[in-house]
Amino acid sequence: MYYNSTRNSSLRVSSAEAITNGISADGGLFVPESIPSLSLDEIKKIGDMKYADRAAYVFAKYLTDFTDAEIHYCTDNAYSTNFETENIAELAHLFDGTYMLELWHGPTCAFKDMALQILPYFLTTSAKKINLDKKIVILVATSGDTGKAALEGFKDVEGTQILVFYPVDGVSPMQKRQMRTQEGSNVGVCALKGNFDDCQNGVKAIFTNDEVKKELADNGLMFSSANSINWGRLVPQVVYYVSAYAELVRDGEIELGDKINIVVPTGNFGNILAAYYAKHMGIPVNKLICASNINNVLTDFINTGVYDRNRRFYATCSPSMDILISSNLERLLYLLADRNDAVIKGWFSQLAKDGKYEVSADVKEKLRSEFCAGYCDDEQTKATISEIYAKYGYTCDTHTAVAVKVYEDYKKSTGDTTKTVIASTASPYKFSAAVLEGIEGGKSDLDEYDKIDKLAELSKMSIPSALADLRNKPERFTDVIDKADMREYVLGRLGI
């Protein structure tokens with residue numbers, strides 16, 4: 001299995017090279033030359049495995065330059081004692097025919113742990129495979145969850161250094177505290193005056209700057225990424241959709257071959273793109289339902305074929321989706337455009353120049369044949385949290401509530417009763433203020449940790465130790481900079 005760049009189809013690299021580099025030198029994203037298949041018999045077999053073995057089975061189809069021993073080294077270390085539940089990804093039966101795929105039982109209480117606990121193993125193994133003799137500098141832009149998960153995954157990993165940028169007013173208080181108190185000798189965190197797109201654009205500009213790359217090379221350093229632009233971040237996300245389907249079959253919730261719907265709350269499009277890859281590997285999927293908050297650029301795009309980031313940006317109670325430039329969409333469009341790199345370069349040049357582009361009629365048709373999309377605002381999000389809590393005694397975070405609301409709207413408009421998996425992406429304790437407001441119907445004057453205690457009382461859920469332990473940790477990283485200063489900040493932190 002080789003990997004092409006979305007902006008240069010003639011480029012062919014191994015998975016180890018794709019993971020180590022993170023992004024192609026031409027600014028494109030790496031995608032596998034083909035999507036490997038899973039037969040129904042294989043899917044049934046996967047259901048009888050532990051999660052680490054399920055992951056290894058899927059990875060063997062994509063990372064063909066890795067030996068079985070190397071893959072199991074990665075999976076056995078990533079999916080062992082780092083998660084609070086033995087199943088790693090829990091399936092909760094919410095109501096008739098609807099299941100919550102709980103992806104937040106890892107060390108930072110968000111779905112990003114599912115990939116970022118294994119990415120350091122992928123990256124260090126890949127570096128050895130290609131005889132890399134440079135220290136790897138991980139640059140991360142985060143809307144909240146990726147940053148902490150990446151910091152936790154890479155802390156004190158030999159041969160790496162990690163720098164994370166987050167929007168100063170664009171993350172929850174708990175997310176901010178998680179990052180500012182991060183331990184580790186090779187980590188750094190900085191807030192940016194701006195939004196997530198400013199962070200993401202700045203990181204990508206630094207990544208692809210030839211002068212900066214030369215300065216790093218002269219000092220024995222090179223860049224890589226822990227964002228989902230890195231294929232090593234995306235492929236672990238494919239696993240949990242395969243796993244969820246196999247588990248539903250094993251438990252008799254569906255028959256082998258039955259189709260399911262998958263609903264994903266997403267801003268950067270990586271999490272739902274992983275579900276698309278799972279479908280095209282052979283997981284029987286009816287509809288992929290893309291759920292957005294009021295920053296509904298993806299909803300508009302799926303419904304119209306016009307991507308337009310020239311709109312008001314909203315800071316919401318589901319901040320991990322406060323994104324107007326969905327970088328992983330480029331991978332999907334490359335596939336829908338039959339891997340035509342010239343078309344992709346044209347669309348994304350338009351996006352850079354004008355802030356918008358419109359895809360062709362055939363791509364619009366393909367898009368709408370597989371995806372549906374909807375969105376809701378903060379008021380509807382909190383109302384959904386209240387409704388789920390009152391009806392089912394289930395407490396969910398704000399992002400998951402967006403997905404539930406969009407799914408309910410989808411069912412009403414279509415009458416589709418296909419059994420459905422909803423990706424639950426974060427612990428409610430990471431967004432305790434908004435969750436409490438939803439359950440209790442008003443804002444609370446309690447401080448962050450008193451809110452957590454109150455939420456524990458109402459939800460009957462234990463407080464994750466990773467969050468409880470933050471109460472008395474000192475803050476190490478309090479820098480706040482302008483977006484124009486990112487390059488100088490990075491070089492300064494690296495001692496260049």
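User: Which hand does the crossing of α3 and α4 have, left or right?
Analyst: This is a predicted model. The axes of helix α3 (residues 51–62) and helix α4 (residues 68–78) come within 9 Å. They cross at roughly 145 degrees. The crossing of these two helices is right-handed.

User: How many charged residues are in the contact of α3 with α4?
Analyst: From α3, the residues that meet α4 include Asp 53 and Phe 59. On the α4 side, Ile 71, His 72, Thr 75 and Asp 76 take part. By class, the contact divides into six nonpolar residues, two polar and, as charged residues, two.

User: At what angle do α17 and α19 pack?
Analyst: Helix α17 covers residues 378–392, and helix α19 covers residues 432–440. Lys 382, Ile 385, Ser 386 and Tyr 389 in α17 meet residues of α19, among them Val 435 and Glu 437. The crossing is right-handed. The axes lie 7 Å apart, at an angle of about 65 degrees.

User: Which strands stand at the edges of the open sheet?
Analyst: The sheet has three strands in the order β2-β1-β3, with antiparallel pairing. Each edge strand has a single partner, so one side of it is left without a neighbour in the sheet. The edge strands are β2 (8–13) and β3 (30–32).

User: Which residue in β3 stands opposite Asn 4?
Analyst: Strand β1 (residues 3–5) runs antiparallel to β3. Three bridges join the two strands. Opposite Asn 4 stands Val 31.

Definitions and conventions. Residues are numbered from 1 along each chain as its sequence is written. This is a predicted model: local features need pLDDT of at least 70, side-chain atom pairs count only at pLDDT 80 or more; totals for chains, interfaces and linings use all residues. Side-chain values use heavy atoms; hydrogens and water are left out. Axes are lines fitted to C-alpha atoms, for helices over the stretch in contact, and angles run from 0 to 180 degrees between N-to-C directions. Helices (H or I, at least four residues) and strands (E, at least two) are DSSP runs, numbered from the N terminus. A crossing is left-handed if the near helix is turned anticlockwise from the far one by less than a right angle, and right-handed if clockwise. Contact means heavy atoms within 4.5 Å. Two strands pair if DSSP finds at least two bridges between them. Ala, Val, Leu, Ile, Met, Phe, Trp, Tyr, Cys and Pro count as nonpolar, Asp, Glu, Lys and Arg as charged, and the others, Gly among them, as polar.
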